[in-house]
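Please read them alongside the sequence and the coordinates.

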Amino acid sequence: MWTGEFTKELETLYAQYAAEHYGAEPDGYDELNCNAMTYDQFVGFIKECLATGKEMPDVVP
């Protein structure tokens with residue numbers, strides 16, 4: 001789970017990703033280990049998933 005800065009940009013991307021892939025906010029996000037990334041890497045990762053249609057894996061190293 002992301003425990004770093006949570007900006008309006010991230011909130012918007014998070015909601016957009018959830019809507020496109022799940023139709024709602026998934027419980028599985030709690031299992032996503034994204035604290036190994038910087039804020040910019042995490043935002044970029046979500047943008048990449050949105051652009052390519054990829055799903056975020058359960059665990060991100």
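1. Contact here means heavy atoms within 4.5 Å. On that basis, and leaving aside neighbours within four places in sequence, lysine 47 is in contact with Glu9 and Leu13. Lysine 47 and leucine 10 are 37 residues apart in sequence, while their C-alpha atoms are 9.9 Å apart in space.

2. The model is predicted, with local features needing pLDDT of at least 70, side-chain atom pairs counting only at pLDDT 80 or more, and totals for chains, interfaces and linings using all residues. Residues are numbered from 1 along each chain as its sequence is written, and side-chain values use heavy atoms, with hydrogens and water left out.

3. The chain has two helices and zero strands, where helices (H or I, at least four residues) and strands (E, at least two) are DSSP runs numbered from the N terminus. Lysine 47 lies in helix α2 and is partly exposed, with a relative accessible area of 42%; buried means under 20%, exposed over 50%, and partly exposed in between, using a 1.4 Å probe and protein chains only. Of the 61 residues in the chain, 36% are buried.

4. The axes of helix α1 (residues 8-21) and helix α2 (residues 39-52) come within 10 Å and cross at roughly 30 degrees. That makes α1 roughly parallel to α2, a term for angles under 35 degrees, the axes being lines fitted to C-alpha atoms over the stretch in contact, with angles running from 0 to 180 degrees between N-to-C directions.

Key. Angles under 35 degrees count as roughly parallel, over 145 as roughly antiparallel, 65 to 115 as roughly perpendicular and the rest as oblique.
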